[in-house]
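Here is a brief report on charged and aromatic side-chain contacts. Have the sequence and the model open as you read.

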Amino acid sequence: KGDDRIENWKGKKIMVFTPHPDDETLSSAGTLARLAANGNDITVVIFTNDNKGSKDTEMTSERLARIRREEEEKSSEIIVIPKEKLIWLGYEDGDLEYADPRVLRGELSRLMKKVRPDAVFSPDPGTRWVEWHKTDHRMAANITKDAFIACEWHLYHPHHLLDEGLQSYSIPGAYYYYSQEPNYEVDITDVI
């Protein structure tokens with residue numbers, strides 16, 4: 001109990017990294033709703049456009065991406081995260097593993113240096129479940145973890161400082177969702 005419990009945070013900056021535009025709401029919507037209600041500033045970074053997950057043979061990738069974007073914006077609105085706080089990286093669904101890891105790590109590090117969050121939420125990179133799940137989950141989990149280091153040391157991406165004046169930043173805390181061995185739970189009864 002106390003102010004150090006996530007559900008009691010007030011006035012903090014939180015960044016949520018999600019492989020697809022539904023993962024954070026499926027796993028953490030109640031916690032994010034409580035954080036938003038407490039006046040925390042929440043930024044959600046979405047790696048992919050989720051444009052492949054349909055068995056409807058009449059569906060197109062472009063239409064599905066629009067549907068997923070609308071769903072993400074509406075679900076975020078319900079938990080009081082404005083759509084202006086959603087950052088779409090725009091990678092194709094299922095293709096995140098083919099992104100240049102150095103470029104992607106730099107994108108994430110840059111965002112972290114700009115936002116300077118008090119905490120980051122990300123898929124758990126250490127679970128066996130992630131090993132066998134869709135590659136987007138593995139890549140998002142691992143590259144987010146790697147970006148913590150790149151964010152802390154300016155020589156990983158010196159152009160952030162030289163071109164944009166972004167100072168290095170140490171992420172104070174990381175919380176992993178989709179964990180097989182969770183060591184922290186938030187009671188969301190009041191927002192469910």
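## Salt bridges

D190 and R34 meet through their side chains in a salt bridge, at 3.9 Å from N to O. A salt bridge here is a side-chain nitrogen of Lys or Arg within 4 Å of a carboxyl oxygen of Asp or Glu. R34 sits in helix α1 (residues 23-37) and D190 in the segment after β5 (174-177), so the pair ties together parts 156 residues apart in sequence. Helices (H or I, at least four residues) and strands (E, at least two) are DSSP runs, numbered from the N terminus. D190 is exposed, at 57% relative accessibility. R34 is buried, at 18%. Buried means under 20% relative accessible area, exposed over 50%, and partly exposed in between (1.4 Å probe, protein chains only).

The model is predicted: local features need pLDDT of at least 70, side-chain atom pairs count only at pLDDT 80 or more, and totals for chains, interfaces and linings use all residues. Residues are numbered from 1 along each chain as its sequence is written, and side-chain values use heavy atoms, with hydrogens and water left out.

## Further charged pairs

Side chains of opposite charge can pair when their charged atoms come close. The count of salt bridges comes to nine. One of them joins R110 and E164, with the closest N and O atoms 3.0 Å apart. This pair links distant parts of the chain: R110 is in helix α3 (residues 101-115) and E164 in helix α6 (residues 159-164), 54 residues apart. R110 is partly exposed, at 27%. E164 is partly exposed too, with a relative accessible area of 39%.

K145 pairs with D146 in a salt bridge, the closest N and O atoms being 3.7 Å apart. K145 is partly exposed at 32% relative accessibility. D146 is partly exposed, also with 32%. D50, R68 and E71 are linked in a salt-bridge network.

The structure holds five aromatic pairs. Among them, F121 and Y175 are edge-to-face, at 5.7 Å centre to centre and 65° between the planes. F121 lies in strand β4 (residues 119-123) and Y175 in strand β5, so the pair ties together parts 54 residues apart in sequence. Rings of Phe, Tyr and Trp (its six-membered ring) pair if their centres lie within 6.5 Å; planes under 30 degrees apart count as stacked, over 60 as edge-to-face and the rest as tilted.

F121 is buried at 5%, whereas Y175 is partly exposed at 28%. The rings of Y175 and Y184 have centres 6.1 Å apart and planes at 65°, so this pair is edge-to-face. W9, F121, Y175 and Y184 form one aromatic cluster.
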